[in-house]
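Thanks for coming. I will go through a few local features of one model, and then stop for questions. Please have a look at the structure first.

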Amino acid sequence: MPTPSLRRVSTASALSVAILVTVSGCGDEASGGAAEAPASATVAGVTIAKDAALHAALPEGIRQSGVVRVATDVPYAPFEMFVTEGKPELTGLDYDLGQALGAKLGVKFAFTPQKFDGIVPAIQAGKFDAAMSAMTDNKERQAVVDFVDYSVSGSGIMVVKGNPEKISTLDDLCGKKAAVQAATNQLDLLQEHQAKCRAAGKAEIDIQTFPKDSDAQLALRSDKVIAQVQTKPAAGWTAKTADSGNAFEVVDDPAAVGGYGASPNGIAVSKKLPQLSDAIQKALQALIDDGTVTKIFDKYGVASIAVKEATKNAAVD
């Protein structure tokens, strides 16, 4: 997740139903044998077929079972969501990416909801092979799991559709009203930027804090503020879904494409399974190279946070 401050401090309020992954083939788990991986999967409009060489590179146990056991903390839009509240079926960026990786590797990525703070211990205990849950790749976690990094995200600026105030950077917020959820990293970001406003001879940002992200969004919608600062993935998803994409848009500062204070998010993999992390990295790079990753991220309004290269353990802290 995007640092302890960016994961679970501000979530997108729009939780519209995303298009489900269409998978061809069926499982064989009920018979007690190895799961039968689909011959192919269609994710975000792209059909992905098994790479025999990558499949052969998987750990023997995973090849035999046909399953990668994946932990995820649901919901956290747009990364992981329930298709219907109260029902177990999942959707979201992480879920779609997992299905694409599974198809490329010729196995199933079987997602199981798990409370976030219990995910890493569960991997250590052997309950899961990996986790896909918008998890920040940091040095502390690297001591017990390996990461294959697939996105880089931080804080972003959301404005009303059309961007009437022509906001392009944090500097443009100086002297203007900006909404932010209280007790978040985004609030810290705005407070830290006040010195830069003063140094530029401008008035400070008029920071309007709100107890919930949805309250800050309402202030923006009703023109009480000219921008809202939140996690960039949450901003992208809200802009994509609110009023069918007609209410808001996200500012893409070329100096901070993934967001301000961006850090890498990774697929956490058990250190006992180095072959799995290597295979996932190669499969991810293949999906980056053929454009599949961009289409998956764009489906959720967050194409700007996708990485161009699948790295391992690229923590910045």
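A search of the whole structure finds one disulfide, that is, a pair of cysteine sulfur atoms within 2.5 Å. The partners are Cys174 and Cys197, with 2.0 Å between their sulfur atoms. Cys174 is in the loop between β9 and β10 (177-181) and Cys197 is in helix α7 (residues 185-199), so the pair ties together parts that are 23 residues apart in sequence. Helices here are DSSP runs of H or I with at least four residues, strands are runs of E with at least two, and both are numbered from the N terminus. The torsion about the S-S bond of Cys174 and Cys197 is about -80°, so the disulfide is left-handed. Both Cys174 and Cys197 are buried. For accessibility, buried means under 20% relative accessible area, exposed over 50%, and partly exposed in between, with a 1.4 Å probe and protein chains only.

Before going on, the basis. This is a predicted model, in which local features need pLDDT of at least 70 and side-chain atom pairs count only at pLDDT 80 or more, while totals for chains, interfaces and linings use all residues. Residues are numbered from 1 along each chain as its sequence is written, and side-chain values use heavy atoms, with hydrogens and water left out.

Next, the backbone. Most residues other than glycine have a negative phi, and most peptide bonds are trans. A cis peptide bond joins Val74 and Pro75, with omega about 0°, and another cis bond joins Ala77 and Pro78, with omega about 5°. Pro75 lies in the loop between β4 (67-72) and β5 (81-82), and Pro78 is also found in the loop between β4 and β5.

Two non-glycine residues to look at for phi are Ala134, at about 50°, and Asp223, at about 65°. Ala134 lies in strand β8 (residues 130-136) and is buried, at 0% relative accessibility. Asp223 is in the loop between α8 (213-221) and β12 (227-231) and is exposed, with a relative accessible area of 61%.

Now His55, in helix α2 (residues 52-56). Its relative accessible area is 16%, so His55 counts as buried. A polar atom of the His55 side chain lies 2.9 Å from the backbone oxygen of Leu105. Leaving aside neighbours within four places in sequence, His55 is in contact, meaning heavy atoms within 4.5 Å, with Lys50, Arg63, Leu105, Gly106 and Val107.

Lys50 sits in the loop between β3 (46-49) and α2, and is partly exposed at 44% relative accessibility. With residues up to four places away not counted, Lys50 touches Ala39, His55, Ala103, Lys104, Leu105 and Gly106. The C-alpha atoms of Lys50 and Ala283 are 9.9 Å apart, with the two residues 233 apart along the chain.

How many cavities of 30 Å³ or more does the search find? There are two. A cavity is a set of points on a 1 Å grid over the protein atoms alone where a 1.4 Å probe fits but cannot get out; lining residues have an atom within 4 Å of a point. Points are joined across faces, edges and corners, and the volume is the space filled by probe spheres set on them. The largest cavity holds about 40 Å³. Its lining includes Ser155, Lys232, Asp252 and Tyr260. Strand β9 (residues 145-160) gives the largest share of that lining, three residues.

Key
On a 1 Å grid over the protein atoms alone, a cavity is a set of points where a 1.4 Å probe fits but cannot get out, and a pocket is an open set with protein on both sides within 12 Å along at least five of seven lines; lining residues have an atom within 4 Å of a point. A polar contact is a pair of N or O atoms within 3.5 Å; within protein, one must be able to donate a hydrogen and the other to accept it, and residues adjacent in sequence count only if both atoms are side-chain atoms.
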